[in-house]
Amino acid sequence: METTSDRVTNALRRSFSSVGRFKSSFVLTQWAQSDITVGSGEYLMNISISTPAFDTVPIVDTASDLIWTQCKPCLQCSQQVAPLFDPNQSSTYQLISYNASQCKNLFQTTCSSNNSCQYSINYPDDSYSNGDLAFDTITLATTTSPTVSVLEIVIGWGHNNGGPSKERNSGVISLGGGELSLISQIGSPIAGKFSYCLLPTSEKNESSKLNFGSNAIVLGDGVVSTLLIKLSSPTFYFLNLKAISVGNKRINYTDVSLGKPGEGNIINDLGTTLILFPSGIYGELESAVATQINATRVQGPEGLSLCYDAKTEFVIPNITMHFTGADVKLQRLNVLCLWFFSTTFSLW
(Lines give C-alpha, C1' and ligand atoms only; values in the text may rest on other atoms or scores of the structure.)
Protein backbone atom coordinates (compact mmCIF):
# COMPACT_ATOMS: atom_id res chain seq x y z
CA MET A 1 0.00 0.00 0.00
CA GLU A 2 1.54 3.30 -1.04
CA THR A 3 1.64 5.94 1.70
CA THR A 4 1.48 9.72 1.32
CA SER A 5 5.22 9.81 2.02
CA ASP A 6 5.81 7.27 -0.76
CA ARG A 7 3.84 9.41 -3.20
CA VAL A 8 5.80 12.51 -2.25
CA THR A 9 9.10 10.64 -2.58
CA ASN A 10 8.14 9.40 -6.05
CA ALA A 11 7.10 12.93 -7.01
CA LEU A 12 10.44 14.27 -5.80
CA ARG A 13 12.35 11.71 -7.85
CA ARG A 14 10.51 12.63 -11.01
CA SER A 15 10.59 16.35 -10.35
CA PHE A 16 14.22 16.73 -9.45
CA SER A 17 15.31 15.09 -12.66
CA SER A 18 12.92 16.88 -14.97
CA VAL A 19 13.22 19.08 -16.74
CA GLY A 20 -3.31 11.77 -38.42
CA ARG A 21 -6.28 11.08 -40.17
CA PHE A 22 -9.74 10.71 -38.60
CA LYS A 23 -12.50 8.17 -39.08
CA SER A 24 -15.00 10.73 -37.75
CA SER A 25 -15.84 14.12 -39.16
CA PHE A 26 -13.79 17.29 -38.73
CA VAL A 27 -16.42 18.74 -36.41
CA LEU A 28 -16.21 15.82 -34.01
CA THR A 29 -12.43 15.94 -33.75
CA GLN A 30 -12.64 19.52 -32.57
CA TRP A 31 -14.52 18.34 -29.48
CA ALA A 32 -12.34 15.37 -28.49
CA GLN A 33 -11.65 15.02 -24.78
CA SER A 34 -10.32 12.60 -22.20
CA ASP A 35 -10.67 12.03 -18.47
CA ILE A 36 -7.70 12.98 -16.28
CA THR A 37 -7.25 11.20 -12.94
CA VAL A 38 -4.72 11.40 -10.13
CA GLY A 39 -1.97 8.81 -9.89
CA SER A 40 0.96 8.50 -7.48
CA GLY A 41 1.95 12.15 -7.74
CA GLU A 42 1.34 12.35 -11.47
CA TYR A 43 -1.75 12.72 -13.66
CA LEU A 44 -3.12 9.91 -15.79
CA MET A 45 -5.14 10.02 -19.00
CA ASN A 46 -7.83 7.53 -20.02
CA ILE A 47 -7.29 6.64 -23.67
CA SER A 48 -7.76 3.66 -25.98
CA ILE A 49 -5.32 2.25 -28.53
CA SER A 50 -5.50 -0.28 -31.39
CA THR A 51 -8.41 -1.91 -33.26
CA PRO A 52 -10.46 -3.15 -31.48
CA ALA A 53 -9.98 -0.45 -28.87
CA PHE A 54 -7.89 -1.39 -25.82
CA ASP A 55 -8.13 0.86 -22.75
CA THR A 56 -4.87 2.19 -21.25
CA VAL A 57 -3.98 4.67 -18.50
CA PRO A 58 -0.70 6.44 -19.36
CA ILE A 59 0.95 9.36 -17.56
CA VAL A 60 0.22 12.75 -19.16
CA ASP A 61 3.43 14.61 -19.99
CA THR A 62 3.69 18.05 -21.59
CA ALA A 63 7.51 17.96 -21.67
CA SER A 64 8.12 14.99 -23.96
CA ASP A 65 7.07 13.86 -27.42
CA LEU A 66 7.01 10.07 -27.74
CA ILE A 67 3.76 8.24 -26.98
CA TRP A 68 4.46 4.74 -25.68
CA THR A 69 2.78 1.91 -23.83
CA GLN A 70 3.91 -1.33 -22.25
CA CYS A 71 2.96 -4.41 -24.24
CA LYS A 72 3.50 -8.10 -24.83
CA PRO A 73 5.93 -9.78 -25.07
CA CYS A 74 7.46 -7.96 -22.11
CA LEU A 75 11.02 -8.79 -21.10
CA GLN A 76 10.85 -6.24 -18.29
CA CYS A 77 7.76 -4.23 -17.36
CA SER A 78 6.91 -1.75 -14.65
CA GLN A 79 4.02 -2.63 -12.36
CA GLN A 80 0.59 -1.77 -13.75
CA VAL A 81 -2.96 -2.67 -12.78
CA ALA A 82 -4.39 -3.07 -16.31
CA PRO A 83 -3.59 -6.11 -18.47
CA LEU A 84 -0.69 -5.79 -20.91
CA PHE A 85 -1.63 -5.01 -24.51
CA ASP A 86 -0.84 -7.55 -27.23
CA PRO A 87 -0.04 -5.82 -30.57
CA ASN A 88 -0.86 -9.03 -32.43
CA GLN A 89 -4.50 -8.51 -31.50
CA SER A 90 -4.70 -5.16 -33.33
CA SER A 91 -5.76 -5.09 -37.00
CA THR A 92 -4.31 -1.57 -37.40
CA TYR A 93 -0.85 -2.22 -35.90
CA GLN A 94 1.93 -1.68 -38.46
CA LEU A 95 5.67 -1.63 -37.77
CA ILE A 96 7.60 1.43 -38.99
CA SER A 97 10.68 1.02 -41.17
CA TYR A 98 14.04 2.11 -39.80
CA ASN A 99 14.42 4.33 -42.88
CA ALA A 100 11.09 6.12 -42.31
CA SER A 101 11.07 9.78 -41.33
CA GLN A 102 9.17 8.96 -38.11
CA CYS A 103 12.10 6.81 -37.00
CA LYS A 104 14.61 9.52 -37.84
CA ASN A 105 12.67 12.02 -35.72
CA LEU A 106 13.67 10.14 -32.56
CA PHE A 107 16.97 10.69 -30.81
CA GLN A 108 17.77 7.04 -30.00
CA THR A 109 16.77 4.38 -32.54
CA THR A 110 18.26 1.17 -33.88
CA CYS A 111 17.46 -1.11 -36.79
CA SER A 112 15.97 -4.54 -36.05
CA SER A 113 16.74 -7.73 -37.97
CA ASN A 114 13.62 -7.17 -40.11
CA ASN A 115 14.56 -3.51 -40.84
CA SER A 116 11.93 -2.07 -38.50
CA CYS A 117 12.55 0.84 -36.13
CA GLN A 118 13.36 0.16 -32.51
CA TYR A 119 13.30 3.08 -30.06
CA SER A 120 14.95 3.78 -26.74
CA ILE A 121 13.88 6.61 -24.44
CA ASN A 122 15.28 7.59 -21.05
CA TYR A 123 13.82 10.06 -18.57
CA PRO A 124 15.62 12.14 -15.93
CA ASP A 125 14.02 10.14 -13.09
CA ASP A 126 15.82 6.99 -14.38
CA SER A 127 12.70 5.48 -15.93
CA TYR A 128 13.03 4.17 -19.47
CA SER A 129 11.32 2.33 -22.29
CA ASN A 130 12.66 0.28 -25.19
CA GLY A 131 10.68 -1.38 -27.94
CA ASP A 132 9.22 -1.21 -31.43
CA LEU A 133 7.97 1.90 -33.19
CA ALA A 134 4.70 1.30 -35.03
CA PHE A 135 1.55 2.94 -36.37
CA ASP A 136 -1.78 2.26 -34.72
CA THR A 137 -5.10 3.90 -33.87
CA ILE A 138 -5.86 6.05 -30.82
CA THR A 139 -9.48 6.53 -29.72
CA LEU A 140 -10.73 9.47 -27.63
CA ALA A 141 -14.08 10.36 -26.14
CA THR A 142 -15.93 13.43 -27.45
CA THR A 143 -18.54 15.83 -26.17
CA THR A 144 -20.87 15.16 -29.10
CA SER A 145 -20.62 11.41 -29.78
CA PRO A 146 -19.23 8.33 -28.02
CA THR A 147 -15.72 8.30 -29.51
CA VAL A 148 -13.44 9.59 -32.26
CA SER A 149 -10.56 7.52 -33.66
CA VAL A 150 -7.29 8.92 -34.98
CA LEU A 151 -5.56 6.65 -37.50
CA GLU A 152 -1.85 5.95 -38.05
CA ILE A 153 -0.52 7.50 -34.86
CA VAL A 154 3.16 6.75 -34.17
CA ILE A 155 3.39 4.83 -30.88
CA GLY A 156 6.25 3.14 -29.06
CA TRP A 157 5.43 -0.40 -28.02
CA GLY A 158 7.57 -1.01 -24.95
CA HIS A 159 8.94 -4.51 -24.38
CA ASN A 160 11.62 -3.46 -21.88
CA ASN A 161 10.56 -0.76 -19.41
CA GLY A 162 11.56 0.25 -15.92
CA GLY A 163 12.07 2.95 -13.36
CA PRO A 164 10.35 4.17 -10.19
CA SER A 165 7.38 1.96 -9.39
CA LYS A 166 3.94 3.21 -10.42
CA GLU A 167 0.65 1.67 -9.29
CA ARG A 168 -1.59 2.24 -12.28
CA ASN A 169 0.01 3.75 -15.35
CA SER A 170 0.84 1.78 -18.49
CA GLY A 171 3.06 4.25 -20.37
CA VAL A 172 3.26 7.92 -21.38
CA ILE A 173 0.96 10.08 -23.50
CA SER A 174 3.12 12.98 -24.69
CA LEU A 175 1.63 16.41 -25.34
CA GLY A 176 4.85 18.31 -26.10
CA GLY A 177 5.50 20.45 -29.15
CA GLY A 178 7.67 17.99 -31.11
CA GLU A 179 6.60 16.15 -34.26
CA LEU A 180 5.69 12.85 -32.57
CA SER A 181 3.57 14.19 -29.71
CA LEU A 182 -0.16 13.49 -29.76
CA ILE A 183 -0.91 17.19 -30.35
CA SER A 184 1.36 17.40 -33.40
CA GLN A 185 0.22 14.09 -34.86
CA ILE A 186 -3.47 14.99 -34.65
CA GLY A 187 -2.53 18.20 -36.44
CA SER A 188 -4.80 20.74 -38.09
CA PRO A 189 -8.22 19.48 -36.87
CA ILE A 190 -7.37 20.70 -33.35
CA ALA A 191 -5.01 23.52 -34.48
CA GLY A 192 -2.50 22.63 -31.76
CA LYS A 193 -5.00 23.49 -29.01
CA PHE A 194 -5.58 21.60 -25.78
CA SER A 195 -6.53 22.52 -22.22
CA TYR A 196 -6.82 20.77 -18.90
CA CYS A 197 -7.93 21.35 -15.32
CA LEU A 198 -6.12 19.42 -12.61
CA LEU A 199 -7.54 18.11 -9.35
CA PRO A 200 -5.55 18.11 -6.09
CA THR A 201 -3.44 14.96 -5.82
CA SER A 202 -5.50 13.95 -2.76
CA GLU A 203 -8.65 13.43 -4.86
CA LYS A 204 -7.86 10.02 -6.33
CA ASN A 205 -11.48 9.01 -6.89
CA GLU A 206 -12.41 12.03 -8.99
CA SER A 207 -11.61 13.06 -12.57
CA SER A 208 -11.28 16.21 -14.64
CA LYS A 209 -11.14 16.80 -18.41
CA LEU A 210 -8.46 17.32 -21.01
CA ASN A 211 -10.05 18.99 -24.06
CA PHE A 212 -8.74 19.29 -27.61
CA GLY A 213 -9.43 21.78 -30.41
CA SER A 214 -12.07 24.48 -30.23
CA ASN A 215 -13.34 23.08 -26.92
CA ALA A 216 -9.95 23.77 -25.31
CA ILE A 217 -11.16 26.85 -23.47
CA VAL A 218 -10.93 27.51 -19.73
CA LEU A 219 -13.57 29.94 -18.45
CA GLY A 220 -14.84 31.02 -15.05
CA ASP A 221 -14.15 33.26 -12.10
CA GLY A 222 -10.47 33.83 -11.40
CA VAL A 223 -9.22 32.52 -14.74
CA VAL A 224 -6.07 34.29 -15.96
CA SER A 225 -3.89 33.70 -19.01
CA THR A 226 -0.27 34.09 -20.06
CA LEU A 227 1.60 33.33 -23.25
CA LEU A 228 3.18 29.96 -24.02
CA ILE A 229 6.57 30.64 -25.59
CA LYS A 230 8.47 28.36 -27.96
CA LEU A 231 12.26 28.58 -27.83
CA SER A 232 15.03 26.49 -29.39
CA SER A 233 13.63 23.14 -28.24
CA PRO A 234 10.29 22.40 -29.96
CA THR A 235 9.26 19.99 -27.20
CA PHE A 236 8.94 22.44 -24.31
CA TYR A 237 6.30 25.06 -23.51
CA PHE A 238 7.96 28.01 -21.78
CA LEU A 239 6.33 30.64 -19.58
CA ASN A 240 7.72 33.99 -18.51
CA LEU A 241 7.84 34.24 -14.72
CA LYS A 242 8.54 37.79 -13.54
CA ALA A 243 8.49 37.41 -9.76
CA ILE A 244 7.24 35.49 -6.71
CA SER A 245 5.56 37.26 -3.81
CA VAL A 246 5.54 35.93 -0.25
CA GLY A 247 3.14 38.14 1.67
CA ASN A 248 4.36 41.66 0.93
CA LYS A 249 7.86 40.57 -0.07
CA ARG A 250 8.41 40.40 -3.83
CA ILE A 251 11.29 38.31 -5.18
CA ASN A 252 12.20 39.13 -8.77
CA TYR A 253 12.85 36.11 -10.95
CA THR A 254 16.04 37.00 -12.79
CA ASP A 255 17.28 33.59 -13.92
CA VAL A 256 18.09 33.40 -17.65
CA SER A 257 19.55 29.87 -17.83
CA LEU A 258 16.66 28.69 -20.03
CA GLY A 259 16.16 31.80 -22.15
CA LYS A 260 16.60 35.53 -22.57
CA PRO A 261 14.98 37.97 -20.11
CA GLY A 262 11.27 38.32 -20.84
CA GLU A 263 11.30 35.55 -23.46
CA GLY A 264 10.49 32.45 -21.42
CA ASN A 265 12.38 31.34 -18.34
CA ILE A 266 10.44 28.42 -16.84
CA ILE A 267 9.01 25.22 -18.36
CA ASN A 268 5.40 24.09 -18.00
CA ASP A 269 5.78 20.36 -17.30
CA LEU A 270 2.67 18.39 -16.36
CA GLY A 271 4.82 15.33 -15.67
CA THR A 272 6.63 17.11 -12.82
CA THR A 273 4.89 17.54 -9.47
CA LEU A 274 7.16 20.15 -7.90
CA ILE A 275 8.06 23.69 -8.89
CA LEU A 276 11.81 23.81 -9.42
CA PHE A 277 13.85 27.00 -9.03
CA PRO A 278 17.56 27.77 -9.38
CA SER A 279 19.34 27.68 -6.02
CA GLY A 280 19.69 31.47 -5.67
CA ILE A 281 15.98 32.13 -6.19
CA TYR A 282 15.00 29.21 -3.99
CA GLY A 283 17.16 30.43 -1.12
CA GLU A 284 15.39 33.80 -1.11
CA LEU A 285 12.00 32.10 -1.35
CA GLU A 286 12.60 29.68 1.52
CA SER A 287 13.91 32.46 3.75
CA ALA A 288 10.89 34.66 3.01
CA VAL A 289 8.44 31.88 3.82
CA ALA A 290 10.25 30.73 6.96
CA THR A 291 10.29 34.22 8.47
CA GLN A 292 6.51 34.58 7.98
CA ILE A 293 5.37 31.25 9.46
CA ASN A 294 5.06 30.82 13.23
CA ALA A 295 4.89 27.04 13.53
CA THR A 296 6.92 23.96 14.38
CA ARG A 297 9.14 22.77 11.55
CA VAL A 298 9.30 19.01 11.02
CA GLN A 299 11.35 16.60 8.98
CA GLY A 300 9.63 16.09 5.65
CA PRO A 301 10.23 13.52 2.90
CA GLU A 302 13.79 13.35 1.69
CA GLY A 303 14.63 16.49 -0.26
CA LEU A 304 12.05 18.84 1.29
CA SER A 305 13.58 21.23 3.80
CA LEU A 306 10.65 23.49 4.72
CA CYS A 307 7.84 21.42 6.23
CA TYR A 308 5.61 22.14 9.22
CA ASP A 309 3.52 20.21 11.73
CA ALA A 310 -0.08 20.48 10.46
CA LYS A 311 -1.64 19.20 13.70
CA THR A 312 -1.92 22.77 14.97
CA GLU A 313 -3.35 25.76 13.14
CA PHE A 314 -0.96 28.33 11.73
CA VAL A 315 -1.10 31.05 9.12
CA ILE A 316 0.58 30.47 5.77
CA PRO A 317 1.57 33.64 3.93
CA ASN A 318 0.05 34.29 0.54
CA ILE A 319 2.41 33.06 -2.18
CA THR A 320 1.77 34.44 -5.65
CA MET A 321 3.49 33.60 -8.93
CA HIS A 322 3.66 36.65 -11.19
CA PHE A 323 3.69 35.62 -14.85
CA THR A 324 3.47 38.04 -17.75
CA GLY A 325 -0.16 39.20 -17.67
CA ALA A 326 -1.21 36.69 -14.99
CA ASP A 327 -0.88 36.47 -11.21
CA VAL A 328 -1.48 32.99 -9.75
CA LYS A 329 -2.05 32.71 -6.00
CA LEU A 330 -1.09 29.28 -4.66
CA GLN A 331 -3.61 27.43 -2.51
CA ARG A 332 -2.87 26.29 1.04
CA LEU A 333 -2.57 22.64 0.01
CA ASN A 334 0.22 23.62 -2.40
CA VAL A 335 2.40 25.14 0.30
CA LEU A 336 1.64 23.18 3.49
CA CYS A 337 4.95 21.49 2.84
CA LEU A 338 6.78 23.91 0.58
CA TRP A 339 6.81 22.17 -2.77
CA PHE A 340 9.49 24.24 -4.35
CA PHE A 341 13.02 23.00 -4.73
CA SER A 342 16.47 24.20 -5.62
CA THR A 343 17.94 22.80 -8.80
CA THR A 344 20.18 23.49 -11.75
CA PHE A 345 18.27 23.65 -15.03
CA SER A 346 19.26 21.86 -18.18
CA LEU A 347 17.33 20.83 -21.29
CA TRP A 348 17.72 17.07 -21.55
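Residues are numbered from 1 along each chain as its sequence is written, and side-chain values rest on heavy atoms, with hydrogens and water left out. Since the model is predicted, local features are reported at a pLDDT of at least 70 and side-chain atom pairs at 80 or more, whereas totals for chains, interfaces and linings use all residues.

Confidence comes first. The mean pLDDT (the predictor's confidence in each residue, from 0 to 100) is 83 for the chain, and 84% of the residues score at least 70. Helices and strands are DSSP runs numbered from the N terminus (H or I of at least four residues for helices, E of at least two for strands). By element, the lowest confidence falls in strand β1 (residues 21-22), with a mean of 36, and the highest in strand β8 (residues 94-95), at 98. Residues 15-30 have a pLDDT below 50, and this stretch has 55 contacts in the model beyond near neighbours in sequence; a contact means heavy atoms within 4.5 Å. Residues 344-348 also stay under 50, with 22 contacts beyond four places in sequence.

The empty spaces were examined next. Rolling a probe the size of a water molecule over the atoms shows where empty space is left. On a 1 Å grid over the protein atoms alone, a cavity is a set of points where a 1.4 Å probe fits but cannot get out, while a pocket is an open set with protein on both sides within 12 Å along at least five of seven lines; lining residues have an atom within 4 Å of a point. Grid points are joined across faces, edges and corners, and a volume is the space filled by probe spheres set on the points.

The second largest pocket has a volume of about 560 Å³. Its lining has 21 residues, with Asp65, Leu106, Phe107, Ile121 and Thr235 nearest the centre. This lining divides into 11 nonpolar, 8 polar and 2 charged residues, where Ala, Val, Leu, Ile, Met, Phe, Trp, Tyr, Cys and Pro count as nonpolar, Asp, Glu, Lys and Arg as charged, and the others, Gly among them, as polar. The second largest cavity holds about 60 Å³ of space. Its lining includes Ile47, Ile49, Trp68, Val172 and Ile173, and at least two lining residues come from each of β4 (47-49), β7 (68-70) and β13 (171-174). Here the division is 9 nonpolar, 2 polar and no charged residues.

The backbone also has some features worth a look. Most residues other than glycine have a negative phi, and most peptide bonds are trans. A cis peptide bond joins Thr51 and Pro52, with omega at about 0°; Pro52 sits in the loop between β4 and β5 (54-56). Another cis bond runs from Lys72 to Pro73, with omega near -15°, and Pro73 belongs to the loop between β7 and β8.

Positive phi values occur at Asp126, near 75°, and at Glu152, near 55°. Asp126 is in the loop between β10 (117-122) and β11 (128-142), whereas Glu152 is part of strand β12 (residues 147-162). Relative accessible area is classed as buried under 20%, exposed over 50% and partly exposed in between (1.4 Å probe, protein chains only). Asp126 is exposed at 64%, and Glu152 is partly exposed at 39%. Asp125, in the loop between β10 and β11, is buried at 7%. Its side chain makes a polar contact of 2.6 Å with the side chain of Ser127. A polar contact is a pair of N or O atoms within 3.5 Å; within protein, one must be able to donate a hydrogen and the other to accept it, and residues adjacent in sequence count only if both atoms are side-chain atoms.

Ser181, in the loop between β13 and α4 (182-186), is buried with a relative accessible area of 0%. Its side chain reaches the backbone oxygen of Gly176 at 2.7 Å. Beyond four places in sequence, Ser181 is in contact with Asp65, Ile67, Ser174, Leu175 and Gly176. Tyr237, in the loop between β15 (207-212) and β16 (238-239), is buried at 10%. A polar atom of its side chain lies 3.2 Å from the backbone oxygen of Gly176. Residues that Tyr237 touches beyond four places in sequence include Thr62, Leu175, Gly176, Phe194 and Ile267. Tyr237 and Ile267 are 30 residues apart in sequence, yet their C-alpha atoms are 5.8 Å apart in space.
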